[in-house]
Amino acid sequence: MSQPTYRLANHTCVVPLVQSWAAWWMTTVPAPASLHVHKSQIPLLKAYLQNPDFHARAAKDPALSGGTFVGISPERAGEVKALLQQTQEAQADRVKMAEALEDFQGWLMEEAKGQSLEPLYEKIPEPLRGLVELAYDYHNRAFLRVMEGGLYRSRYHKPELQSLRLLRLESDSSRPHLFTTPYLMQAGQLDWAVPFSEERISRLFETDLSPRPLGYLRDVLGPAVTSDEQLLPLLTEEPPATYTPWEGAQPRVRYLGHACALVEWKGVTVLVDPVISARPAGGGMTRRTFHELPPRIDYVLITHNHPDHLHIETLLRLRHRIGQLVVPRSGGMMVGDYSIKLLARSLGFQNVLELDTYESLPLPDGEIVTVPFLGEHGDVCQAKSSYVVRAGKQQMLFAADSMCVDDAVYRHMRQNLGTIQTVFMNTEIEGAPHTWTLEALFPKKRDRKLEKNRRCRGSNAAEGLRLLELVGASRLYNYAMGLEPWMENIIGPPSPPEAPRMKESDRLLAELRAKGLGAERLCGPTDLLLES
Ligand SMILES: [Fe+2]
């Protein structure tokens with residue numbers, strides 16, 4: 001009799017962690033992570049330890065949603081204290097590097113006024129030696145440029161702190177918040193200490209489509225598993241779904257939630273901004289999970305680095321199924337304008353394409369073109385790209401959180417690419433402050449008066465309408481609105497109907513419909529067939 005085979009259960013999440021914190025770029029990319037641990041994580045853990053009751057209560061209070069509170073019950077404060085100590089020990093060098101970065105940048109701006117920078121190299125503090133270049137812009141403003149490739153080969157890159165946490169997802173709201181709450185070990189969880197770059201991670205995730213015997217899974221996970229009883233609740237014998245390739249005459253777009261969309265066209269699959277969720281044991285909104293995606297994803301397109309678009313957890317799980325990972329180009333001049341390509345390489349991706357604006361990739365009777373993505377980052381330079389996917393005569397723009405702040409950009413787009421019939425875009429009238437998730441990158445001492453009106457917002461209704469007119473679109477899919485409950489651990493609970501961004505979305509949809517155009521707000525998995 002053949003032995004039973006298993007895959008990860010639909011309710012099993014595999015969460016990449018960096019010393020107990022969920023992996024996103026501010027915990028993973030060496031220079032930003034150094035600033036983040038020094039200026040955000042350590043102070044946050046200390047604040048929690050001052051008043052664990054307050055933090056635990058505040059983290060559960062919907063009125064304080066989006067606040068910086070550690071959602072851990074006071075009974076576990078001892079474990080938080082231990083984590084703080086371990087962090088201070090294991091990341092002491094990162095802390096020193098962060099201090100050096102901030103101090104030296106400030107000193108450099110005072111000292112360098114246009115004269116040669118050559119004598120200043122000997123002033124570079126030890127933690128930065130060999131890893132930075134000094135330069136001026138054309139207005140004689142001095143800055144230091146970190147050499148990111150070197151940082152990944154230095155002590156500031158810490159694969160030894162990386163692990164994969166296997167856990168049973170009870171409900172969408174049970175996940176710790178990405179930015180504020182570390183993953184303390186819970187009963188029934190497994191923590192597999194493995195660098196994200198390692199190929200053997202894929203041996204586990206291949207079982208999503210090709211179930212294997214228990215012994216195989218135990219071999220892959222090694223000492224993380226001590227008994228079958230530990231592993232079995234995280235597995236299922238239920239066979240995976242069978243994928244049927246789409247063979248229609250028009251492209252099919254499978255909206256999978258938030259900004260994630262799968263385009264299927266002439267045997268090619270293109271997945272935009274993948275964020276795929278496990279299916280909670282306790283139920284919740286219907287969703288497609290990992291084994292229900294195509295076995296081969298020819299292209300994954302990443303629009304920008306916000307973790308609701310660049311989701312390391314999903315990327316690692318799909319890594320072995322992805323043909324090319326397409327990412328926007330960074331400028332590389334500022335610490336936060338990090339290279340998504342180098343990050344992806346550190347996640348074990350060999351097949352990364354970093355494309356500049358208006359580069360293209362061929363599809364059968366179609367193409368993928370990278371196009372501008374303005375706004376949404378509070379005027380802080382970061383790698384961003386929208387994408388036009390052409391499938392036959394159909395062109396669709398995945399604009400993500402773009403703000404139509406300059407008509408000329410979209411006029412130029414239409415001149416170059418022709419009419420774009422379908423636009424996928426969010427609406428955001430307000431947006432987070434420009435330092436959202438990035439506070440650690442900014443110096444504490446700075447003149448904040450002028451910063452107040454810098455928000456991470458997308459297009460409002462008028463700008464959205466304008467964008468559609470400029471590219472000649474006949475339909476809008478309003479997406480990336482954070483309405484699916486599995487986004488809660490990343491961007492907080494879904495906005496209620498009375499929230500300004502939802503009202504703005506209503507306004508845009510109503511105006512488009514009044515003009516006879518197609519307009520739909522997407523929420524939950526939906527299959528879209530794009531007719532000409
Ligand atoms: Fe965004």
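Predicted model: local features only at pLDDT ≥ 70, side-chain atom pairs only at ≥ 80, totals over all residues.
Local features were taken at pLDDT of at least 70 and side-chain atom pairs at pLDDT 80 or more, while totals for chains, interfaces and linings use all residues. Residues are numbered from 1 along each chain as its sequence is written, and side-chain values use heavy atoms, with hydrogens and water left out.

Strands (E, at least two residues) and helices (H or I, at least four) are DSSP runs numbered from the N terminus, and two strands pair if DSSP finds at least two bridges between them. An open sheet is formed by four strands in the order 3-2-6-7, with antiparallel pairing. Strand 3 (21-22) and strand 7 (190-193) are at the edges with a single partner strand each, so one side of each has no neighbour in the sheet. Strand 7 is joined to strand 6 (residues 162-168) by four bridges, and Leu 166 has Leu 190 as its bridge partner.

Four bridges also join strand 15 to strand 16 (residues 366-371), which run antiparallel. Leu 361 is bridged to Ile 368 of strand 16. In this hairpin, with two residues between the strands, Asp 365 takes a positive phi near 45°.

The whole structure contains 35 salt bridges, defined as a side-chain nitrogen of Lys or Arg within 4 Å of a carboxyl oxygen of Asp or Glu. Arg 317 and Asp 208 form one (2.8 Å, N to O). Arg 317 lies in helix 10 (residues 312-318) and Asp 208 in the loop between helix 7 (200-205) and helix 8 (214-221), so the pair ties together parts 109 residues apart in sequence. Both Arg 317 and Asp 208 are buried (under 20% relative accessible area; exposed is over 50%, partly exposed in between; 1.4 Å probe, protein chains only).
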